[in-house]
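I opened my notebook to look at strands and charged pairs in this one. Here is what I looked up, in the order I went.

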Amino acid sequence: MSVTDAQPPAPDPRADAAQEALRDRIAADSLTTRRDYLRIVATVSGGLAVGGVAVASGILHRHGDPDGTPEPKRIADAILPGESLAFRYPGDDDRAVAVRLEDGTLAGYSAVCTHLACAVLWRKERGSEGELYCPCHEGIFSARTGEVTAGPPPRGLPKVLLVEEADGSVWAIGTARSGESAREGLCRQLGGTRPELAERLGCPGVSARAETAETERSERT
């Protein structure tokens, strides 16, 4: 009696064909996944590059340059000392922030960093008065004035002009550009659309412009 090693069964041609098809499917799926990933990365990178250029060149909308005078908007029933509030003004796409300092000072600003348009956050615990902070590139702005105190932002935050009514409610009534005072911003906006109100506020140059406009109207009629 002889003992021989067991011979493996003959390969099944149908099994080989199935395995080959599976390998082809996996390879195709992997290639598709890699291509999709590269396409997504390229799209996102391109979008970030375009966005950065748009902000740097001033293409994107900025606070302080609305079309006409913004409508007043009630943003809160009250804002207590040490509190902040995120809101939208002058348009629904414009991020803004209001802060009440411990001494009662109420201030409002655009919440869009002047560096690359990242969102600006309120950090109450920083310093004696808190700070407005951009986490993207460590930009820091004064909570009292909106001016740059650290980091790469090239200019201070545009202001959102706030008023408080007798009942404690807080209203946004206009905007001011970077480096512009609240009064200058309000006079600039009212001068073109509400000259009579701007004149009542004592805005410089408004009376002369109003007289010129009235003279031109009289000459046309």
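**Strand E10.** I began with strand E10, residues 170–176, and asked how many of its seven residues are buried. Five of them are, so the strand is largely enclosed by the rest of the structure. For me, buried means under 20% relative accessible area, exposed means over 50%, and partly exposed lies in between (1.4 Å probe, protein chains only). Strands (E, at least two residues) are DSSP runs, numbered from the N terminus.

**Ground rules.** I kept in mind that this is a predicted model, where local features need pLDDT of at least 70 and side-chain atom pairs count only at pLDDT 80 or more, while totals for chains, interfaces and linings use all residues. Residues are numbered from 1 along each chain as its sequence is written, and side-chain values use heavy atoms, with hydrogens and water left out.

**Partners of E10.** Next I looked up which strands pair with E10, taking two strands as paired if DSSP finds at least two bridges between them. Strand E1 (residues 73–76) pairs with E10 in the antiparallel sense over three bridges. Strand E9 (residues 159–164) also runs antiparallel to E10, joined to it by six bridges. I then checked Trp171 in E10: Arg74 has it as bridge partner, and Val163 stands opposite it. The hairpin of E9 and E10 has five residues between the strands, and there I noted Gly168 with a positive phi near 95°.

**Salt bridges.** I searched the whole structure and found six salt bridges. My criterion was a side-chain nitrogen of Lys or Arg within 4 Å of a carboxyl oxygen of Asp or Glu.

Arg74 came up again here, as its side chain meets that of Asp77 at 3.1 Å, N to O. Arg74 is partly exposed at 39% relative accessible area, and Asp77 counts as exposed at 56%.

Then I turned to Arg100 and Glu164, whose closest N and O atoms are 2.7 Å apart in a salt bridge. This pair links distant parts of the chain, with Arg100 in strand E3 (residues 95–100) and Glu164 in strand E9, 64 residues apart. Is Arg100 buried or exposed? Arg100 is buried, with a relative accessible area of 7%, whereas Glu164 is partly exposed at 42%.

Arg123 and Glu131 form a salt bridge at 2.5 Å, N to O, and both residues are buried. Last, I noted a network of salt bridges that links Asp103, Glu129 and Arg144.

How values were computed. Helix = DSSP H or I, 4+ residues; strand = E, 2+ residues; numbered from the N terminus.
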